Amino acid sequence: MGGGKASSRKASASSHKKSQRVKKVSAERAVFLFRRMLEIRRFEERAGQVYGMGEIGGFCHLYVGQEAVVVGVKDALEEQDSMITGYREHGHMLACGVSPKDVMSELTGRASGCSGGKGGSMHLFAPDAGFYGGHGIVGAQVPLGTGIALRHLYEETGGVCATFFGDGASNQGQVYEAFNIAALWHLPVLYIIENNRYGMGTSVQRAAAGTTQDGHRLWARGRAYGIPGEEVDGMDVLAVRSATLNALEHCRKRGPYILEMETYRYRGHSMSDPAKYRTKEEVQGMRERHDAIERQRSRLLQEGWASEDEIKTIESEVRDTMKAAAEFATTAALPCATALYEDVYADAAAAADGASNLAPCVAD
Ligand SMILES: Cc1ncc(C[n+]2csc(CCOP(=O)(O)OP(=O)(O)O)c2C)c(N)n1
Ligand SMILES: [Mg+2]
């Protein structure tokens, strides 16, 4: 099916070197990127607190440290493009412009949450914004994202599906089945490996063959399929944005491309992980020397893109927004019992039939 249309697209089997040049941005854009990263950081810190209060059931994987990846990628995407990722996706939702209240109240299982409070932390979706989740099975989003890319090609939307996955997921067999079909059919898919150096408690060097001492070169695994790729400094939002813009050009004309983002998560794998498999010094070193938000803050000041006062104003606005989101998410109404029967059957009448045994919802 898609193969016919796809075969008119040209393949490129060459591997690309790391993008050296950072594309220029306006002052306004640079400030926006800073604000977005800060929003995700403060959101995640609040989510950690709300989890500590016992308000979030189930797992909760924070994205603290990795903000530059999704913010830089999203900024390079166009309206017709789409995104999909795994379970560490709160930041992806915020990067898509979904309101922090909608996301936070999904974490606390409230009716106002973006999935009506029934999905929780690992199943956030914003299809209207081109974001297809939020998936708990490691690596499962890779064939799904490849399928979304097939849709882009088949329906001639001109879009690319940015498909995010981790270093750990890179060892999943289904990733390579997806690479194979993507390369064969020249599908417009941009694979983004968020290499944060660990898959749960296992470092990438211990889990992934063929990686360097730093645990990189996962992008080179595309070579067997003729899929080019490169490593990117995932702690620099402008480098991420530039590399993504270049890669998207390739995807739109020729098919799949891989970007391996060198990044780091500051917090444990999930809220229940004390992270004993790495030293405090390692984490501290990354925070002090490589933090993407600090880097962008220094740039704003150095380039004269924003003053100290303007940055302070942004910081206090973001803090207030996230505080309000947490307050809202801990006080908003829970779903009605009848909601149990919604979103189960495509046939709404069947849902209504099941719900008829339950007391009607009384708004408080
Ligand atoms: C198929 C499958 N195997 C195992 C797990 C358990 N598991 C959840 S997260 C994870 C680690 C994945 O690491 P990585 O891909 O590097 O992503 P990160 O958590 O670092 O973002 C594992 C093994 C799972 N959810 N699904
Ligand atoms: Mg990882």
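How do the residues of the shell around ligand 1 divide into nonpolar, polar and charged? The count is five nonpolar, six polar and two charged. This is a predicted model.

**Ligand 1**
- Ligand 1 is surrounded by 13 residues.
- The closest are Val138, Gly166, Gly168, Ala169 and Gly199.

**Helices α6 and α7**
- Helix α6 spans residues 141-154, and helix α7 spans residues 173-184.
- Their axes lie 8 Å apart, and the packing angle is about 20 degrees.
- α6 is therefore roughly parallel to α7, because angles under 35 degrees fall in that class.
- The crossing of α6 past α7 is left-handed.
- On the α6 side, the contact is made by Val142, Pro143, Thr146 and Ala149.
- On the α7 side, Gln174, Val175, Glu177, Ala178, Ile181 and Ala182 meet them.
- Sorted by class, this contact has seven nonpolar, two polar and one charged residues.

**Helices α2 and α3**
- α2 packs against helix α3 (residues 67-76) at an angle of about 135 degrees.
- The two axes are 9 Å apart.
- α2 and α3 are therefore oblique to each other.
- Their crossing is right-handed.
- α2 contributes Leu33, Arg36, Met37, Ile40 and Arg41 to the contact.
- α3 contributes Glu67, Ala68, Val71 and Asp75.
- By class, the α2 contact with α3 holds five nonpolar, no polar and four charged residues.

**Helix α5**
- α5 covers residues 100-107.
- α5 is mostly covered, with eight of its eight residues buried.
- The buried residues are Pro100, Lys101, Asp102, Val103, Met104, Ser105, Glu106 and Leu107.
- Their cover includes α2 (27-52), α4 and α12 (308-331).
- After α5 comes Gly109, which has a positive phi near 70 degrees.

**Gly97**
- Gly97 sits in the loop between α4 (90-95) and α5.
- Is Gly97 buried or exposed? Gly97 counts as exposed because it has 11 C-beta neighbours inside 10 Å, and the cut-off for exposed is 12 or fewer.
- Gly97 and Ala129 are 32 residues apart along the chain, with their C-alpha atoms separated by 7.8 Å.

Conventions:
Residues are numbered from 1 along each chain as its sequence is written. Chains are lettered from A and ligands numbered from 1 in the order in which they are written. This is a predicted model: local features need pLDDT of at least 70, side-chain atom pairs count only at pLDDT 80 or more; totals for chains, interfaces and linings use all residues. A residue is near a molecule or strand if its C-beta atom, placed from the backbone, lies within 6 Å of it. Ala, Val, Leu, Ile, Met, Phe, Trp, Tyr, Cys and Pro count as nonpolar, Asp, Glu, Lys and Arg as charged, and the others, Gly among them, as polar. Axes are lines fitted to C-alpha atoms, for helices over the stretch in contact, and angles run from 0 to 180 degrees between N-to-C directions. Helices (H or I, at least four residues) and strands (E, at least two) are DSSP runs, numbered from the N terminus. Angles under 35 degrees count as roughly parallel, over 145 as roughly antiparallel, 65 to 115 as roughly perpendicular and the rest as oblique. A crossing is left-handed if the near helix is turned anticlockwise from the far one by less than a right angle, and right-handed if clockwise. Two residues are in contact if their C-beta atoms, placed from the backbone, lie within 7 Å. A residue is buried if 20 or more other C-beta atoms lie within 10 Å of its own, exposed if 12 or fewer, and partly exposed in between; C-beta atoms are placed from the backbone.
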